[in-house]
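Please look over the sequence and the structure below before reading on. The paragraphs that follow take up the contacts between chains, and then the make-up of one chain.

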Amino acid sequence: MDFLFLLELFINGLNTGLMYSLVALGITMIYKASGVPNLAQGAMVMIAGYLLWATIALLGLPLWIAIPFVVVLMFLFGLAIERWLLRRMVGQPVLMIVMLTLGLEILLRGVGPGVFDAAPKRLDLGLGLAPLVVADVFINRAYLIGAISAGILILLAAAFFRTRLGTKLRAVSDDHVASWAVGISVERAIGISWGIAGVAAVGAGTLWGSVQGVDWTLSALLFPAIAVVILGGIDSLLGVFVGGIIVGVLGSVIPGYLDPIVGGGTRDVVTSVLIVLTILLRPYGIFGREDIERV
Amino acid sequence: MTKRTKLVRFTAALAAVCLTAVAQAQEVIKFALNHDFTKVYTFGAVEFSQGQRDYLTLLNEEGGIRGHRFEVFVRDHGNEPQRGIELYTRARDEGAVYFMFLSTPVANALIPRVLQDRMVLGTPLHGRGDAIVGEVFPYVFPMMATYWSQATRLLQYIDDAQGGLKGKKIAFVHIDSPFGRDPIPLMQKLAAQKSFELRTFAYPSPGNEQSAAWSDVRRYRPDFVFIWGAGNSQIVSVREAVRNGIDPAKILSVVWLAETDMKNLGESTAIGIKRAEVVPSGRNHPILQRILQKVVTAGKGVGDPAVVGNTYYNMGVADMLITTEAVRLALDKFGPPLTGDKLKAGFEMIRNFDAEGFLPPVTITEQDHQGGGYARVSQWDGKAWVPVSDWAASYQDLVWEEARASAAKFQQPQ
Amino acid sequence: MFYRQSGIYHTRYEATRRLWPIPFERWQVGVILLLVLAAPFYLSALYLQSYLLPWLIWSAATLSLTLLMGVAGQLHFGYAAVMAIGAYSAIHLVRFGLPFEFAFLGAGLIAALIGCLFGAAALRVKGLYLVMATLAMQYLVDWLIINVPAISGGAHATLQAPSARILFFSLENDLVRYYFALAWAVLLTVFLLNVKRTSFGRALVAIRDKDYAASVIGVNPFRYKLLAFFTSSFLGGMSGAVLAFCFYRAVTPEQFSFNVSTQLVAMVLVGGLGSVIGAFLGAGFVLLAPMILTNIVAMLSDFGWLNVSVNLLSHLPLMIYGALILGFLLAEPLGLAKIYDNIRNYFLVWPFKHSRR
């Protein structure tokens with residue numbers, strides 16, 4: 001019985017962790033290409049959720065058309081952000097670019113609920129509430145499908161880096177100037193990375209929107225996503241995958257046993273301690289690349 | 001002095017008297033009804049505010065109170081204390097007499113200020129639970145059953161209608177914030193007294209992911225589950241409860257679970273779920289009918305007509321019903337112009353006010369600012385909330401003991 | 001023209017090293033100081049108590065953070081937690097019976113000691129990873145405050161600031177509170193203006209620019225990074241105490257949540273990293289813009305010029321505020337201080353724009 005409890009915590013944690021990875025994927029994509037940590041990724045997830053809700057509820061499109069439609073919209077949206085905001089900040093201190101993404105987050109936080117109404121919206125994927133029961137272990141169907149989709153998307157992203165365009169992106173993430181020198185359009189590569197981040201946001205927005213409803217709180221997914229990237233290493237796709245699993249599993253199993261003793265929700269504490277420990281032991285995350293500094 | 005000039009003077013004097021009378025009749029009463037439209041309270045703030053404003057529009061349409069009309073300031077404070085303080089000071093300087101912010105952090109930051117300025121702060125369904133102690137918080141009026149009274153009412157309901165409390169296992173699943181932890185000490189006391197078993201399960205704020213807590217709840221095999229959250233976290237709680245095979249009829253919620261949330265959840269997802277309520281929902285009441293007739297159909301309403309009669313909307317109406325009753329009593333006794341002190345006294349003169357049967361009987365005294373602490377239990381039938389118990393105030397001795405102890409701590413530093 | 005430099009000849013080193021070598025700027029500072037000193041006599045309670053007072057306190061907090069982020073180059077996304085430690089310690093110490101002056105210092109010391117723990121992470125990592133480490137600590141402190149009733153003040157997690165006196169004046173008085181906050185802001189301003197001219201400040205700047213290089217020239221990064229965290233947290237904790245005693249007068253965990261941390265960082269960055277005037281401008285912008293925008297938007301709607309739903313109306317200020325941040329950063333990526341500097345440079349040679357300074 002107790003073992004089954006552990007197993008259930010483990011599986012649900014695994015699944016939610018992978019769903020956090022989905023949010024984290026966008027951050028990693030952008031960081032890999034341009035070295036900018038995108039603090040607006042949570043807000044992009046929220047916007048994707050709102051757009052999907054609006055396409056279904058207001059335009060009346062069925063889900064399977066709505067998702068590709070929103071994917072295209074968000075890809076263009078990502079491109080637009082890079083073209084109109086980020087590109088103009090090239091060469092400025094990274095901290096100021098981070099501030100820019102924070103400003104973008106505030107703007108989107110106003111636009112989403114302002115335009116579509118702040119009350120929570122329902123996004124039904126037709127998954128039903130009945131859990132998948134395996135020997136008294138209740139597995140949340142929505143989370144399971146979320147985890148599978150997250151896994152697929154991360155695999156796709158990894159595969160993408162093996163294509164011609166992906167190779168260019170890798171070159172860009174390695175060295176901007178050298179890429180320029182061999183004729184790669186760095187701007188376009190960074191733009192595409194923002195577009196892909198937009199697409200990842202659709203995945204996260206759809207799954208999390210179906211779990212908790214669509215409203216501005218989707219943008220609060222930024223914090224667990226950041227925990228994932230820090231743990232795994234911000235420039236590593238494998239890190240996103242493994243980091244998500246670790247954050248999810250430990251954030252589910254430890255509170256499962258600790259909460260009754262402490263009498264409080266300890267998940268954020270576990271995540272925080274995890275981050276601090278990671279940073280103290282492995283400053284560049286598990287799979288992150290260590291920067292070599294020269295004086 | 002000729003007769004004629006005398007007459008002229010008399011008429012002039014009369015005219016002057018009439019004019020001042022008219023001027024007095026036209027003096028508007030200003031309310032500051034600010035909300036958090038953009039952050040934590042987005043789940044209900046728009047409806048709540050709409051209810052408040054629509055009811056005041058109705059009063060204005062019907063000629064106001066003793067000829068006084070109402071004017072409202074409605075602003076967004078984004079749940080940030082410093083913005084709430086700015087809005088409070090601004091409205092105070094512009095002559096507002098009643099303040100309501102529907103945000104616990106803002107209300108808590110304002111309490112020292114209203115006590116100093118002698119201004120009336122309404123804290124229905126938010127703020128400190130111990131503000132019901134009128135001696136310590138003379139200018140703060142929760143005016144409806146607090147979270148403590150809601151928790152005790154739900155327990156009383158189990159005791160009366162669900163086979164007694166003795167020996168039952170109750171799981172209290174709450175958001176890990178001061179609001180979520182609020183009723184725990186009280187419930188623990190009752191658990192000892194009524195010999196039932198209480199276990200608390202916390203999920204971290206903002207509550208969009210609660211699976212770990214609910215896996216544990218299922219294994220606890222509780223007889224009843226209390227869910228204590230608001231907005232999205234309530235929706236996730238109910239989903240997780242249903243997913244973990246808990247019978248919706250055994251789930252009891254705090255007051256924050258309404259039509260909007262059920263729509264978001266899927267209307268047929270949790271048929272039978274119960275909640276504490278302090279105001280009825282629905283449109284079948286003369287007051288709401290009048291609002292529909294004179295305000296909404298006349299095109300003077302603010303916002304979506306579809307939400308009229310929703311729980312959060314009716315909470316806003318109820319807040320204004322009680323407050324305008326206090327205004328009426330204060331004006332009758334002291335006459336204009338209305339001040340904070342007069343309004344406070346007006347509130348404390350409310351006796352058995354039930355607003356044509358819309359509310360449970362509200363009695364506010366100098367000691368009791370809760371209005372009696374009446375609440376009832378209602379059940380979701382797939383379309384609407386149907387009451388399954390009467391209005392009653394439960395275990396108020398315990399609530400007051402807790403409130404007095406807590407209020408004494410508030411006074412301590414002074 | 002305004003910042004006239006002609007006819008100013010420095011003949012001694014002290015004269016060139018003055019804080020404001022241009023007479024007009026000395027006048028400017030004097031006039032501003034006079035204006036804020038006299039503010040209670042011409043500003044209404046509204047503008048004094050809910051605009052100027054919080055602006056001063058938040059500026060003081062921003063200045064303390066500027067020391068860490070701008071001067072020493074150590075990012076800190078958990079500064080609200082440091083302020084919370086200061087605020088809660090001050091209140092508990094006064095309740096314990098300590099005179100306010102000592103409690104005030106004690107609050108700074110406790111915040112500084114715990115703040116050094118935040119700094120421990122800085123010894124290992126920098127940049128983004130430091131951001132995350134401090135952010136994580138913010139969550140830890142928040143959780144502790146909420147979950148330990150002895151700290152938070154019981155079931156409602158609200159702790160009243162007890163009545164206290166500073167020197168001989170009771171803090172129950174609005175005027176005393178205002179002047180105390182003003183004095184604190186002025187003190188911090190003077191400290192920050194001068195810190196860059198001390199060996200301590202120069203060591204911090206060396207670390208900011210490149211810590212390896214600094215260690216090569218004999219600046220011990222370990223020592224100075226910790227010192228930076230210590231000093232900044234000391235001042236931040238005391239600013240938190242000022243915030244609790246002079247403005248909020250009742251502290252709740254929400255007043256020092258993660259959002260407040262990001263607001264403080266925004267104040268430093270929007271103002272302009274490392275600039276003193278930027279701290280004031282940034283704090284003013286981030287703190288006051290939402291309030292002012294809310295009132296402007298509401299006024300427009302009262303006049304009937306803006307006929308939209310309540311929901312959109314209340315989100316408009318948020319959108320404009322976000323758009324303003326984007327606009328400012330796109331126009332001048334180095335922040336408001338740089339914009340001020342541009343204006344100053346323009347007037348330095350006005351109307352002879354073509355001449356070099």
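How many residues of chain C are in contact with chain A? In this predicted model, 36 residues of chain C meet 35 residues of chain A. On the chain C side of this contact, the elements that contribute two or more residues are helix H7 (128–147), helix H11 (211–216), helix H13 (258–271) and helix H15 (310–331) of chain C. The largest share comes from H15(C), which supplies 13 residues to the side that touches chain A. Sorted by class, the residues on this side of chain C are 29 nonpolar, five polar and two charged.

Chain A also touches chain B, in a contact that takes 33 residues from chain A and 32 residues from chain B. On the chain A side, two or more residues each are given by helix H1 (2–34), helix H8 (186–212), helix H10 (237–262) and helix H11 (267–281) of chain A. H1(A) gives the largest share of the side that touches chain B, namely five residues. The classes on this side of chain A are 14 nonpolar, eleven polar and eight charged residues.

Turning to chain B itself, one finds a division into domain 1 (10–145 + 281–372) and domain 2 (148–277), and the centres of these two domains, taken over C-alpha atoms, are separated by 31 Å. Where the two domains of chain B meet, domain 1 provides eleven residues and domain 2 provides 13 residues. The domain 1 side of this contact within chain B consists of four nonpolar and seven polar residues, with no charged residues.

Which strand of chain B is joined to E7(B) by seven bridges? The partner is strand E6 (residues 169–175) of chain B, and E6 and E7(B) run parallel. Within the pairing, B:Phe172 stands opposite B:Thr200, which belongs to E7(B). Strand E7 (residues 197–203) of chain B is mostly covered, with five of its seven residues buried.

How confident is the predictor about this chain, and where does the confidence fall? What is the average pLDDT of chain B? The average is 89, and 93% of the residues of chain B score at least 70. Over residues 10–24 of chain B, however, the pLDDT is below 50, and this stretch has one contact in the model beyond near neighbours in sequence.

Methods. Residues numbered from 1 in each chain as written. Chains lettered and ligands numbered in written order. Predicted model: local features only at pLDDT ≥ 70, side-chain atom pairs only at ≥ 80, totals over all residues. Contact = placed C-beta atoms within 7 Å. Helix = DSSP H or I, 4+ residues; strand = E, 2+ residues; numbered from the N terminus. Nonpolar A, V, L, I, M, F, W, Y, C, P; charged D, E, K, R; others polar. Domains from an automatic or database assignment. Buried ≥ 20, exposed ≤ 12 C-beta atoms within 10 Å, placed from the backbone. Pairing = 2+ DSSP bridges. pLDDT = per-residue confidence, 0-100.
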